[in-house]
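Have a look at the sequence and the fold, then read on.

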Amino acid sequence: MKKCVVIPDSFKGTLSSTEICQIARGAIARYFPECEVVTIPVADGGEGTVACFAQAMRVERITVPVSGPYGERVQATYARRGKTAIIEMASAAGLPLTNGHCDPEQTTTFGVGELIGHAVDHGCEQIILGLGGSATNDGGCGCAAALGVRFLDRNGQTFVPTGGTLERIAAIDCGGIKERFGPVCVSVMCDVENPLCGPAGAAHVFAWQKGADAEMVERLDSGLRWLGEIMERDLHCSVAEMPGAGAAGGMGAGCVAFLGAELKSGIETILDVVGFNDVITGSDLAITGEGRIDSQSIHGKVISGIAKRTAAKGVPLLALVGSIHPSAVGAYDLGVTAMFSINREPEPLEVSAPKSRENYQKTLEDILRLIRAAEEMSR
């Protein structure tokens, strides 16, 4: 084996994608010391996305003081490569920043807009924005306000809407953002298909984990519904039913309506940015994985995106995962060569989780032993 590409997702709560890459690099070097190992840790657009891009390629990390979820000053970091900025909204509006006291009627994405503005003002012409892990439900209005969009109430006064004040919006003026943005292209990493509002919308599906109770969920949903109507009236942009509009508290809709963004699969965005088609060329093997592989994994998620590209190049793809659901059988049709669970005993997650690092390493080493034996037999 002369070249191997390792490109895993994290095992949520047990192993980060960066840790997996470190384990794999060490194990492959022991069994195939002459093998070129390329590691590309993957994140889904939420917390850790910038760190993963920084691990996968050369980037400049830029730290900026911005507004946090409640307007407090926080230090947020984004990555820059040439004229491309990679930003995760969680760095300025993420749940961990609330210290366990989240109120999606009060939190704002204003700091996300400040990060984007900083990148644009310093010459970036492409913004890649990861949605995920947000504490907000403001439909991206805070972000837009930071970039020059004016939200007017019924008295003609300008204000910055939050999740609890969306129904105060009487008019939207995007003149300021158009002057500032010019030719800037925004791509949004978004792997959910929820609409803006309704039973499957942002509030009903995601607001619970952000601290909302049943009554608040209804208020938040009503506000997002009103926002969708105002967007259609003032911006001539119909986004309420768009798949992904409800991502990150309606940030998906806001990115499209205010920033002219394109919502894209997170893994496809990552593979394009790191030049995966070129990276995989000439490889003997690719290794991916995630905490659990099931039917969702083969519909636009990390493993499916990688499998399609490795199959096109004729490169075998192994999936090392925590658990394998019977519905994952479709992964073989996409291009996965073989799947392996790292769990070495039938144990509940709370028992196996602390042993994930050890189990991953042992499973990978067993596979490498088999590959080495097969190579020796073929000589």
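## Salt bridges

A salt bridge here is a side-chain nitrogen of Lys or Arg within 4 Å of a carboxyl oxygen of Asp or Glu. With that rule, a search of the whole structure turns up 14 salt bridges. Before going further: this is a predicted model, where local features need pLDDT of at least 70, side-chain atom pairs count only at pLDDT 80 or more, and totals for chains, interfaces and linings use all residues. Residues are numbered from 1 along each chain as its sequence is written, and side-chain values use heavy atoms, with hydrogens and water left out.

Let's take a few of the pairs. D221 bridges to R225, with the closest N and O atoms 3.4 Å apart. Both sit in helix α8 (residues 214–235), four residues apart, or about one turn of the helix. (Helices are DSSP runs of H or I with at least four residues, strands are runs of E with at least two, and both are numbered from the N terminus.) Is D221 buried or exposed? Its relative accessibility is 6%, so D221 counts as buried; the cut-offs are under 20% relative accessible area for buried, over 50% for exposed, and partly exposed in between, using a 1.4 Å probe and protein chains only. R225, at 39%, counts as partly exposed.

D294 and R292 make another pair, their closest N and O atoms being 3.0 Å apart. D294 is buried, at 14% relative accessible area, while R292 is partly exposed at 42%. Then there's E358 with K362, where the closest N and O atoms are 2.7 Å apart. These two belong to helix α15 and are four residues apart, about one turn of the helix. Both ends are partly exposed: E358 has a relative accessible area of 41%, and K362 comes in at 36%. Elsewhere, salt bridges that share partners tie E268, D272 and R309 into one network.

## Two helices crossing

Helix α15 (residues 356–378) also meets helix α1 (residues 17–31): their axes come within 10 Å and cross at roughly 35 degrees. Axes are lines fitted to C-alpha atoms, for helices over the stretch in contact, and angles run from 0 to 180 degrees between N-to-C directions. The crossing is right-handed, meaning that the near helix is turned clockwise from the far one by less than a right angle.

Which residues of α1 meet α15? They are E19, I20, I23, A24, A27, I28, R30 and Y31, and on the α15 side they meet R357, Y360, Q361, L364, E365, L368, R369 and R372. Contact means heavy atoms within 4.5 Å.

## The five-stranded sheet

Five strands line up as an open sheet in the order β2-β1-β12-β14-β16, with parallel pairing. (Strands pair if DSSP finds at least two bridges between them.) At the edges are β2 (36–39) and β16 (338–341), each pairing on one side only. From one strand to the next the twist averages 20 degrees.

Inside the sheet, β12 (residues 285–288) and β14 (residues 317–321) are joined by three bridges, and A286 has L317 as its bridge partner in β14. Helix α15 shows up again here: it packs on the sheet, touching β12, β14 and β16, and its direction makes about 155 degrees with that of β14. T310 counts as buried at 0% relative accessibility.

## A buried strand

Why is strand β5 (residues 84–88) largely enclosed by the rest of the structure? Because five of its five residues are buried. T84, I86 and E88 point one way, and A85 and I87 the other. In a regular strand the side chains alternate between the two faces of the sheet.

Strand β4 (residues 73–81) runs antiparallel to β5, joined by three bridges, and A79 has I86 as its bridge partner. The hairpin of β4 and β5 has two residues between the strands, and G82 there takes a positive phi near 65 degrees. Strand β6 (residues 126–130) runs parallel to β5 through five bridges, with I87 standing opposite L129.
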